Amino acid sequence: MDMQTFELRKIFTDLYTVFLFTRSDIRIALIPVTLFAVAAAPLSSPLRLLDTILWIWLHLLQFNVANQIKAPEEDKINKPSRPIPAGRITVHDATILRWALVPTCLAYSALYSVQLTYVSLSMLLFTAWYNEHDGDKEPLSKNLLTAIMYGCLEMGGTLVAARDHTHVSPTGLIATELTVAVFSSTLHAQDFKDADGDRQTGRRTFPIAYPIISRIAIGLAIPLWSIFLTLLWELDLLSATAFVAYACYVGTRFMLYRSVQDDKRSCKYYSTWFSLHHLFPAYWYYYHGASEHPSLAFVEYILNGSIVA
């Protein structure tokens with residue numbers, strides 16, 4: 001009985017260790033990507049939600065394990081509760097897990113469709129580029145690769161959630177492209193709080209390379225993107241006003257409050273803002289249906305008006 005209790009406890013301990021690899025990304029990745037997949041697919045059945053979460057989490061796990069075995073010394077400073085710096089798993093064992101997850105992700109994707117397998121493979125290749133081939137060392141490549149991988153998660157999650165696992169609707173494609181654009185231009189909001197650890201590991205993020213400009217950029221980008229998104233998705237006046245007002249508050253915080261603790265709090269507010277816009281495809285489907293998709297006609301109208309003026 002004692003041996004069975006010990007083995008059961010070890011299983012739960014190991015599962016919790018695996019979970020810890022992704023815990024810090026639940027708010028910024030797992031929840032918003034799941035919301036996006038449910039909204040953009042739209043979700044074909046309640047049971048499909050579990051499949052969607054599992055697919056997203058598995059691919060998020062393989063990225064995080066690959067990332068955390070690369071620079072455990074950085075995590076000792078920025079995130080000491082992660083499994084490797086906390087002593088819950090060795091780098092050697094984590095490396096074995098990292099490469100075991102590659103065929104696992106591909107095999108799970110192959111159960112649904114060839115298209116989903118291609119998305120999974122793309123995510124795995126970009127993960128290797130980011131981690132094993134130092135794609136995270138320069139600000140531009142770091143933001144761009146992270147945004148593309150985020151788009152892969154959204155595309156894959158949408159395919160799993162949908163009734164047709166081989167096709168993403170035009171609205172879903174537009175929403176995914178928007179996420180890549182928004183995330184690549186605002187991703188450095190997460191880097192302010194980790195600047196000290198990033199300096200010690202030689203990573204050049206935007207807050208390190210351009211400490212003043214990066215804060216001004218994020219302070220302007222969040223409200224401007226919010227205005228663009230509310231126009232594109234044709235939000236009602238009340239929803240649009242609330243979303244833009246919240247965005248202005250978040251952007252202002254990054255510019256005015258600059259301590260590590262302030263940046264951690266601002267990052268949480270940023271995560272909420274980023275998650276909220278993932279619901280806009282559902283708003284579109286509710287008011288316009290699946291037969292229509294968002295248009296950039298308002299941009300042409302504004303530009304034409306500016307030229308005439």
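Tutor: Thr186 is found in helix H8, which covers residues 170-186; helices here are DSSP runs (H or I, at least four residues), numbered from the N terminus, as are strands (E, at least two). The model is a predicted one, in which local features need pLDDT of at least 70 and side-chain atom pairs count only at pLDDT 80 or more, while totals for chains, interfaces and linings use all residues. Residues are numbered from 1 along each chain as its sequence is written, and side-chain values use heavy atoms, with hydrogens and water left out.

With a relative accessible area of 0%, Thr186 is buried, a word that stands for under 20% relative accessible area, whereas exposed stands for over 50% and partly exposed for what lies in between (1.4 Å probe, protein chains only). Leaving aside residues up to four places away in sequence, Thr186 touches Ile218, Ala221, Ile222, Trp225, Tyr270 and Trp273, where contact means heavy atoms within 4.5 Å. Ala297, by comparison, is 111 residues from Thr186 in sequence and 25 Å from it in space, C-alpha to C-alpha.

Two of those contacts, Tyr270 and Trp273, also belong to an aromatic cluster, whose members are Tyr150, Phe183, Phe243, Tyr270, Trp273, Phe274 and Phe280. A pair of aromatic rings is described by the distance of the centres and the angle of the planes. Rings of Phe, Tyr and Trp (its six-membered ring) pair if their centres lie within 6.5 Å, and planes under 30 degrees apart count as stacked, over 60 as edge-to-face and the rest as tilted. Across the whole structure, a search finds 18 aromatic pairs. One of them joins Phe206 and Tyr210, which are tilted, at 6.4 Å centre to centre with 35° between the planes. Phe206 counts as partly exposed because its relative accessibility is 25%, and Tyr210, at 43%, counts as partly exposed too. Tyr249 and Tyr269 have ring centres 5.7 Å apart and planes at 55°, so this pair is tilted as well. The pair links distant parts of the chain, since Tyr249 lies in helix H12 (residues 237-256) and Tyr269 in helix H13 (residues 260-276), 20 residues apart. Tyr249 is partly exposed at 41% relative accessibility, and Tyr269 is partly exposed at 25%.

Asn143 is buried, its relative accessible area being 3%, and, not counting residues up to four places away in sequence, Asn143 touches Ser184, Leu187, His188, Asp191 and Phe206. Ala217, in helix H11 (residues 211-232), counts instead as partly exposed, at 34% relative accessibility. Although Ala217 and Ser185 are 32 residues apart in sequence, their C-alpha atoms are 8.7 Å apart in space.

A cavity is a set of points on a 1 Å grid over the protein atoms alone where a 1.4 Å probe fits but cannot get out, and its lining residues have an atom within 4 Å of a point; points are joined across faces, edges and corners, and a volume is the space filled by probe spheres set on them. The count comes to one cavity of 30 Å³ or more, and the largest cavity has a volume of about 40 Å³. Phe36, Ala175, Leu178, Thr179, Trp233, His277, His278 and Pro281 line the largest cavity, and the largest share of that lining, three residues, comes from H8.

The 18 residues of H6 should span 26 Å at 1.5 Å a residue, and the end C-alpha atoms are 26 Å apart, which agrees; the expected span is 1.5 Å times one less than the number of residues. For helix H5 (residues 91-110), the 20 residues should span 28 Å, and the end C-alpha atoms are 29 Å apart, which agrees. Ala94, Arg98, Leu101, Val102, Cys105, Tyr108 and Ser109 are buried in H5, and what covers them includes helix H3 (48-68) and helix H6 (114-131).

Methods: 1 Å grid on protein atoms, 1.4 Å probe; cavity = no way out; pocket = protein on both sides within 12 Å on 5 of 7 lines; lining within 4 Å.
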